[in-house]
Amino acid sequence: MSMVTQTARVVQLMLDMLDAPDQQLVLQQLNKEHALSIDVARIYSDSELADRYGVDVRTARKWIVSGKVKGFKNGTRWYSRADWIDEYERGLVS
């Protein structure tokens, strides 16, 4: 295994220890400090998703779990990326 591959795995393991908003902050900081071009999508928590659509948090979680809105669980919290929410919204219009 190459040194680059090993380093990437270590970085991923370290990111996995953080919740999604903190992961986003770390990637943004790396972008800033090292002039990297890592695309960091805005992450919405299940409660932010619920607020956006005026539904209960449990409903937003059900949408993510069922796949209605793409998302992921990190620890005990559920999240969705802005581009995935955009996909969901485009599907509503079609």
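This is a short chat about the predicted model of one protein chain.

Me: What kind of model is this, and what pLDDT do local features need?
Reply: The model is predicted: local features need pLDDT of at least 70, side-chain atom pairs count only at pLDDT 80 or more, and totals for chains, interfaces and linings use all residues. Residues are numbered from 1 along each chain as its sequence is written, and side-chain values use heavy atoms, with hydrogens and water left out.

Me: How many helices and strands are there?
Reply: The protein chain has five helices and three strands. Helices (H or I, at least four residues) and strands (E, at least two) are DSSP runs, numbered from the N terminus.

Me: What pattern do they follow along the sequence?
Reply: The pattern is α-α-β-α-α-β-β-α.

Me: What is the radius of gyration of the protein chain?
Reply: The protein chain has 16 Å. A compact globule of 94 residues would be near 12 Å. The radius is taken over C-alpha atoms, and the globule rule is 2.2 Å times the number of residues to the power 0.38.

Me: What box do the C-alpha atoms fill?
Reply: Roughly 45 × 25 × 25 Å, along the principal axes.

Me: What share of the residues is buried?
Reply: Buried residues make up 24% of the 94. Buried means under 20% relative accessible area, exposed over 50%, partly exposed in between (1.4 Å probe, protein chains only).

Me: Let's take α3. Which of its residues are buried?
Reply: Helix α3 covers residues 46–53, and its buried residues are D46, L49 and A50. Seen down the axis of α3, they fall within an arc of 100°, so they line one face of the helix. The arc is that of the directions from the helix axis to the C-beta atoms.

Me: What comes just after α3?
Reply: G54, with a positive phi of about 65°.

Me: And α4, which residues are buried there?
Reply: In α4, residues 57–66, the buried ones are A60, W63 and I64. Down the axis of α4, these buried residues fall within an arc of 95°, so they line one face of the helix.

Me: Which residues are exposed on the other side of α4?
Reply: R58, K62, V65 and S66 are exposed there. Just after α4, G67 takes a positive phi of about 90°.

Me: New topic: I85. Where is it found?
Reply: I85 sits in helix α5, residues 82–93.

Me: Is I85 buried or exposed?
Reply: I85 is buried, with a relative accessible area of 1%.

Me: What is I85 in contact with?
Reply: Leaving aside neighbours within four places in sequence, I85 is in contact with Y44, L49, R52, Y53, V69 and S80. Contact means heavy atoms within 4.5 Å. I85 and L49 are 36 residues apart along the chain, and their C-alpha atoms are separated by 8.6 Å.

Me: What about D86, how accessible is that one?
Reply: D86 lies in helix α5. At 35% relative accessibility, D86 counts as partly exposed. D86 and V69 are 17 residues apart in sequence, and 9.5 Å apart C-alpha to C-alpha.

Me: Last one, Q23. Where is its place?
Reply: Q23 is in helix α2, residues 20–34. Q23 is buried, with a relative accessible area of 18%. Leaving aside neighbours within four places in sequence, Q23 is in contact with L15, D16, L18 and N74.
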